[in-house]
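Please look over the structure shown here before reading my notes, which are meant to be followed point by point.

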Amino acid sequence: MSQIPRALGKQRHLRRGSKKTGTIRFELARVKSNSWLGRNYQFIQFAYLFIGLCGRILFFNADRLVLGSWLVFTIVASIAVGYFYGGKSWCQYFCPMAPVQTVFSEPRGLLGSKAHTSNSRITQSMCRTVTPEGKEQSACVACQSPCFDIDSERTYWDGISSSQESLTRYGYLGLMVGFFVYYYLYAGNWGYYFSGVWSNEPNQIASLMKPGLYLFGQPVGIPKLFAVPLVLGAFTLTGILLGRWLTTRAMTHQLQRNPKIGTDLVQHRFFVLTTFVAFNFFFWFAGRPLLRLTPLWAEILFDGVIAMASTLWARQSWVRNPALYSREKLAGRLSKQLEKLKLNTSRFLEGRHLADLSTDEVYVLAKVLPDFTREKQRQAYKGVVREALTEGYVNTANSLKMLDRLRKELDIPDSEHNLILEELVIGDPDLLDPYLPRHLENQIRLNAYQVALERQLYLQKNQPTLDPVDRTSKEEANLRSLSADYAITPGEEERINCDLHDSP
């Protein structure tokens, strides 16, 4: 629903003027990373989820009008956000299910694709569109960086030490436990929940001011209207405080035993445990009233599948760490450079493609290829450095340290790295421009615009002959609309036009 304004071409554009040329431009509105919303969106999403779960217990199961109103409000809100901001701004900054997706999907799903090693320009669930020719084309406008939909694991490692990230994960576990436990606290036993009666109470609205808790065989005089947020809030706060306290204790203990173990790895493993517990706890309760109506073997089979899937995911995620991710990412870049050099790799791959190789296999292949000469090694490394600088993965200050492992694999000395860096900066001085955004999402946005621009120019060149004045006016309008949709600045447009002009 949030993409309806984009599909209709009715999105808010900001007016931009150039003091040098005096021209007026319009570009698609996006949420700024340093704005209040850009800094606090996780609190908004979690609050929306909290209110929704309180409403589920208090109102939504009882009154179809209330439920319908809530759903209509959410739909209208998503359409409104789709108008005011481009890209997947609803999903990235407002959607109450985003915390759930974060907990259950990062660092990556059990069967999820690996965006950081993929050769595809369109990865995972990133924004895309389909051209009239039937080809997928990126529609990314860099509405958030790092973007979960482009590379979920990169987003995970970039934010793992954030206080908001721990609030989301530990708070979600506490909130979910509180949601199910409340039914026990309300009735004084589990029969009320497992019977499914709670989902069909005709007088639920009328019970809002009646006692909302039943403890030790006695009703507690707190109205249900207030007891629900109090219980869910207490469990949420307990989850956050307990999770952070346990993490801090574990970090202190681990660092005393082995200082080489980074705090990010300890935090990561606590997040893995949190997701494992949350996943199994959720599916133990969710749908249980319906499962109890099935044969016992079906209930056991369901529980077995959940336990097996979560265990496989935990085992896969437990061994992940930032260094391994970085090594795989550099191996993926090296693989791309080997393909560009068109080296004879067929006799070493036994029918496989470069994209099918593991991280270690890529490095081994680079060492054994007979035609991978010293000059080609340097050329491949230069390509990796250029790509890493362009995407903001490294900068000129930390590139020596960040690419140390790759240099050792390719036998590139530090002095050679500095020479390559100088060559790249001389060839493209913009690499040193501190005002240019350097991140993967921005590069994807620019590449998507360039591809769309090339297609637009090709169509204009081959369209039927029109009146010269009408044709020029139509072409200019189409190009203005295209640059506005991708939020292209005058400087970006000039650089891309120069690249198109210089290309053969």
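1. Lys88, Met126, Cys127, Cys140, Val141, Ala142, Cys143, Gln144, Cys147, Asp149, Ile150 and Glu441 line the largest cavity, where a cavity is a set of points on a 1 Å grid over the protein atoms alone at which a 1.4 Å probe fits but cannot get out, and lining residues have an atom within 4 Å of a point. The volume of the largest cavity is about 80 Å³, a volume being the space filled by probe spheres set on the points, which are joined across faces, edges and corners.

2. This is a predicted model, in which local features need pLDDT of at least 70 and side-chain atom pairs count only at pLDDT 80 or more, while totals for chains, interfaces and linings use all residues. Residues are numbered from 1 along each chain as its sequence is written, and side-chain values use heavy atoms, with hydrogens and water left out.

3. The second largest cavity, of about 30 Å³, is lined by Arg56, Ile57, Asn61, Tyr182, Tyr183, Tyr192, Trp198, Gln204 and Lys224. Two or more residues of this lining come from each of α2 and α7 (163–187), helices being DSSP runs of H or I with at least four residues, numbered from the N terminus.

4. Helix α2 (residues 36–60) contains a kink of about 45 degrees centred on Gln42, the bend being the angle between axes fitted to the seven residues ending there and the seven starting there.

5. Phe235 lies in helix α9 (residues 224–257), and the C-alpha atoms of Phe235 and Tyr182 are 9.8 Å apart.

Key. On a 1 Å grid over the protein atoms alone, a cavity is a set of points where a 1.4 Å probe fits but cannot get out, and a pocket is an open set with protein on both sides within 12 Å along at least five of seven lines; lining residues have an atom within 4 Å of a point.
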